[in-house]
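Hi,

Here is the structure I said I would pass on. Have a look at it first, and my notes follow below.

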Amino acid sequence: MTKEEIQSFLKEHPLSKISAAGIQYSIYKDPSSVNNLESEIARNRTAGVDEEHAKLIAQAETPQDFFRLMRKPMSWENQERLTEKMLTKEEDTAPYILKRSLTNMQDTFVETATAFFLSAKQDISAWILENYDAIQNAYMKSMYCMVLGVRGDESIAPILMTEYANFLALCPGQGFEQGPLLGLHTIVEGE
C-alpha cells in the first residue's frame, strides 16, 4: 500500500480533535504538551507530582514493582517518571509488561504501557501482530495499533485500516478507532 492510498483513506476518515490516542501521542512527541491539552481527562491528571507516587517510583526496581505502579492513577508527570525508570530496565521489564498486556483491563496500565513501548528501544511490532487476537482489552488493542503505526511502515496500513473498521463496528462511540487512525497518520507523516 502506498502513502498516497493511505492519505486518501485518511481524507475520508479524519482524526478526532481530542482522543486518548491523540493525548498519548502528543505526550510522546512533546512531554511539555501535557500543559496545553484541552481534554478534561487530561486536566484532571495534570495536578503535578504526587510525592507518594514519586517516592514509590524512585524505589521501584523490578518488573513486578513497575506493574503495581502502572495500575495506580497518577499525574502525567509521575507517569513520565515511571516510564523513564522502566526504560532503564527495559530488557527485563518489556517481556513482563507484554505478558500482562494480554489480560490487563485497567486504563492506567494501558496508558503507561503505551508510553513505555512508544519510547522503548525494543520494537514490539512483531509481538503485537503475533498476539493481537489474544489481547482482551479493546483499549490496549487500540493503543497498540498506534504503536504499530509509529514503529511501522506502509506494509502495516491494511491491518490498521481493518482494525479501524472493526473498532467502529464493535465498539461504537468508544473512540478506540482513533488508535489505528493515528497510527496511519504517523506512517504518512514519517514519524
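This is a predicted model: local features need pLDDT of at least 70, side-chain atom pairs count only at pLDDT 80 or more; totals for chains, interfaces and linings use all residues.

Let's start with helix α1 (residues 3–12): the face turned away from its buried side carries the exposed residues E4, K11 and E12. Exposed here is over 50% relative accessible area, buried is under 20%, and partly exposed is in between, with a 1.4 Å probe and protein chains only. Helices are DSSP runs of H or I with at least four residues, strands are E runs of at least two, and both are numbered from the N terminus.

Residues are numbered from 1 along each chain as its sequence is written, and side-chain values use heavy atoms, with hydrogens and water left out.

Back to α1. Its buried residues include I6, F9 and L10. What do the buried residues of α1 pack against? They pack against α11 and α12 (178–189), where contact means heavy atoms within 4.5 Å.

For α1 and α11, the packing angle is about 15° and the axes are 11 Å apart. Axes are lines fitted to C-alpha atoms, for helices over the stretch in contact, and angles run from 0 to 180 degrees between N-to-C directions. The two helices are therefore roughly parallel to each other; the classes are under 35 degrees for roughly parallel, over 145 for roughly antiparallel, 65 to 115 for roughly perpendicular, and oblique for the rest. The crossing of α1 past α11 is left-handed, meaning the near helix is turned anticlockwise from the far one by less than a right angle (clockwise would be right-handed). On the α1 side, E5, I6 and F9 make the contact, and on the α11 side A157, M161 and Y164 do.

Now the charges. Searching the whole structure turns up four salt bridges, each a side-chain nitrogen of Lys or Arg within 4 Å of a carboxyl oxygen of Asp or Glu. One of them pairs E154 with K3, with the closest N and O atoms 3.9 Å apart. E154 is in the loop between α10 (138–151) and α11 (157–170) and K3 is in α1, so this pair ties together parts that are 151 residues apart in sequence. E154 is partly exposed at 24% relative accessibility, and K3 is partly exposed too, at 31%.

Another one joins K89 and E61, at 2.9 Å between the closest N and O atoms. K89 lies in the loop between α6 (76–88) and α7 (90–101), and E61 in the loop between α4 (51–59) and α5 (63–70), 28 residues apart. Both are partly exposed: K89 has a relative accessible area of 29% and E61 is at 39%.

D65 and R68 also meet in a salt bridge, at 2.6 Å from N to O. They are both in helix α5, three residues apart, or about one turn. Salt bridges with shared partners also join E61, K85 and K89 into one network.

Lastly, W127 is in helix α9 (residues 125–131). Leaving out residues up to four places away in sequence, W127 touches L98, S101, L102, I135 and Y144.

Cheers
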